[in-house]
Amino acid sequence: MSIPQNTTILDTIGNTPLVQLHHIKPDNGARIFLKIESRNPTGSMKDRMALAMIEGAEADGRLKPGGAVVEYTGGSTGVSLSLICSVKKHPLHLVSSDAFSKEKLDHMRLLGATLTLIPSDNGKQTEKLTRDMIREAHKIADQTGAYITAQMENKDQLRAYEKLAEEIWTQTDGRLDGFVQSVGTAAAIRGISKTLRGYDGRVRIVAAEPAESAVLSGGPSGSHKIDGIGAGYVVPLWDDSIADDIERVSTADAKAMAFRLAREEGIFCGTSTGANVVAALRLAQRLGKDATVVTLMCDTGMKYLKTFSEELI
């Protein structure tokens, strides 16, 4: 047996499986597949982008060996950066909020990150909260001289999502009619859509956003409880040409779908994945019986176990 040499946990990021949904599917017979990003080391797709942001900055000298890093985060990016920085020995200071799951905040601390928490309006995600977190992170970076990854505008991460799209294309043998992804920073859907359209310009790209804060589709900014998406304003990496359509998904529908996926498919995921599947079902229904639609399982439901359990009691 050949034993791998000089490997770390970071070498396990990516190359995740693609799984078909067999019980949650449209009536017309179209197929929906989930890219199981929970197989990444922290259980999230954000491991890919966190690694790309850190390695991109290391490569051109923006981040020196042992240099400190700062980021604002709704949770999963912070956990992923905590993992990357612990392995690469970069001190990490994260700005987050009580609006996000306690499991994620605890995970960041356990991986060695220092946290600053910004109070929310009764646990709700709003534009004000997003902007307050960003402001505080930049303040800390300015005061300490740390490198701020600034995920809302960082283009280093796009390569990570282009690679994810390459995996999807290979796994579907190029037989793909639609792709759906909910929008947080917009980096995932931007990188993936560019690559998939490069293979086949007919692939239909759909963005999902919270119905309560549907700013990308022209609605007013509002509050919602779908972790990791819906910043409450049009984020810098978004461009109207990225998606062919935008689906509005309510917090209630996203959460109900997350519970259905657990009970009917054995797939335990978070609410952003629930939103993805709701939107994927709508797209598959429109595309017809021969369609193949892919979306992402953004992260594992273990990141929300306490929150979900409280609702079931």
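The lining of the second largest cavity has six nonpolar, three polar and one charged residues, where Ala, Val, Leu, Ile, Met, Phe, Trp, Tyr, Cys and Pro count as nonpolar, Asp, Glu, Lys and Arg as charged, and the others, Gly among them, as polar. The model is predicted: local features need pLDDT of at least 70, side-chain atom pairs count only at pLDDT 80 or more, and totals for chains, interfaces and linings use all residues. Residues are numbered from 1 along each chain as its sequence is written, and side-chain values use heavy atoms, without hydrogens and water.

**Cavities**

- The structure holds two cavities of 30 Å³ or more; a cavity is a set of points, on a 1 Å grid over the protein atoms alone, where a 1.4 Å probe fits but cannot get out, and lining residues have an atom within 4 Å of a point.
- The largest cavity contains about 480 Å³ of space, a volume being the space filled by probe spheres set on the points, with grid points joined across faces, edges and corners.
- Its lining counts 38 residues, and Lys46, Gly184, Thr185, Gly228 and Ile229 lie nearest the centre.
- Two or more lining residues of the largest cavity come from each of α2 (76-88), α4 (127-144), β7 (178-182) and α6 (187-199); helices (H or I, at least four residues) and strands (E, at least two) are DSSP runs, numbered from the N terminus.
- Helix α4 gives the most to this lining, with four residues.
- By class, the largest cavity is lined by 17 nonpolar, 17 polar and four charged residues.
- The largest cavity lies between domain 1 (9-39 + 159-310) and domain 2 (45-148), because both give residues to its lining; the domain bounds come from an automatic or database domain assignment.
- The second largest cavity holds about 60 Å³, and its lining residues include Val183, Gly184, Glu209 and Tyr233.

- The largest pocket holds about 290 Å³ of space; a pocket is an open set with protein on both sides within 12 Å along at least five of seven lines.
- Among the 17 residues lining the largest pocket, Ala99, Gly123, Lys225, Asp227 and Thr307 are the closest to its centre.
- Helix α9 (residues 305-312) gives the most to the lining of the largest pocket, with three residues.
- Four nonpolar, seven polar and six charged residues make up that lining.
- Domains 1 and 2 both give residues to the lining of the largest pocket, so this pocket lies between them.
- The second largest pocket has a volume of about 180 Å³, and α1 (46-59) and α5 (158-171) each supply at least two residues of its lining.
- Its lining includes Ile13, Asn15, Arg48 and Arg159.
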